[in-house]
Structures are given as structure tokens and as C-alpha cells.
Amino acid sequence: MKCIGNRLSDVIVIALAVAMIACFLPMQLIRYRASARSASCSNNLKQIGLAIYNYNSAYARLPTGSGGSSSGDGGNLTVGNADRLSGLVGILPFLGEQKLWQEISTPWTGNDQTFPALGPAP
């Protein structure tokens, strides 16, 4: 009987250890995920800051707050974007997004419509 009691207490100790690990593991995972999100966000902000710095080095000014093309003939919103383009579009080449910048800065024709470089009014 003494041998069975020792085995039973070992099983209880192992079960308690497993239960404690099962309780604390999700909390630790939540902490790791939050830390990873924070590091990712921090890295993205750093990349945007470096892109703005490099833009300033290249053009001796900061990116404009808005820009783009004018609306052209007033009533037709597909002629231009009425200077509503975000300043972040100008730093795309400095973020390593040269292909996206080429797409935006090239006129586009499709569905029997032609849009100017930098796109229509949003």
C-alpha cells in the first residue's frame, strides 16, 4: 500500500504542475505577442522617420502635407486629385517601395477611363 500512495502523490504533483503551466502559458504568450507588436510598430515608425530624413537629404525640404495634381476642369474628379494626395506617397521610394511609386506616378487607363499620374480625387 505504501508504494501505491507514493505513486499517487507523484501523479498529483505532476497534475498540479501541468495545471499551473496550463494557467500561466497563455499569459506569457499574450506578453510575447504584445512585445512583438510593439517592436514591429517601433520598427515601422523608425523606417518612416528614416525615409523622411532621406527625402529631406535628397530634396532639401520635408515632404508636403498634401499634394498631387490639380483638379483640372473643376467638375470632373477623374482629371486630377485636387492636391489631396498624402505626403506619405512622396516618401515611398525611400521606404523601398519604388514599384508602388511607379504605379502611382504613371497615368492609368482602364474601363474606358483615363486617370492622370498620381490618381483621381479620392
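**Contacts and aromatic pairs**

Q: What share of contacts in the protein chain between residues at least 6 apart in sequence join residues at least 24 apart?
A: The share is 43%, where a contact means heavy atoms within 4.5 Å. This is a predicted model, in which local features need pLDDT of at least 70, side-chain atom pairs count only at pLDDT 80 or more, and totals for chains, interfaces and linings use all residues. Residues are numbered from 1 along each chain as its sequence is written, and side-chain values use heavy atoms, leaving out hydrogens and water.

Q: How many helices and strands are there in the protein chain?
A: The protein chain has two helices and four strands, running α-β-β-α-β-β from the N terminus on; these are DSSP runs numbered from that end (helices H or I, at least four residues; strands E, at least two).

Q: New topic: how many aromatic pairs are found in the whole structure?
A: A search finds three, counting rings of Phe, Tyr and Trp (its six-membered ring) with centres within 6.5 Å; planes under 30 degrees apart are stacked, over 60 edge-to-face and the rest tilted. In one of them, Tyr55 and Phe94 have ring centres 5.7 Å apart and planes at 75 degrees, so this pair is edge-to-face. Tyr55 lies in helix H1 and Phe94 in the loop between strand E2 (85–86) and helix H2 (98–104), so the pair ties together parts 39 residues apart in sequence.

Q: And is Tyr55 buried or exposed?
A: Tyr55 is buried, at 9% relative accessible area, while Phe94 is partly exposed at 27% (buried is under 20%, exposed over 50%, partly exposed in between, with a 1.4 Å probe and protein chains only).

Q: Which residues form one aromatic cluster?
A: Tyr59 also pairs edge-to-face with Phe94, at 6.2 Å centre to centre and 90 degrees between the planes, and Tyr55, Tyr59 and Phe94 form one cluster.
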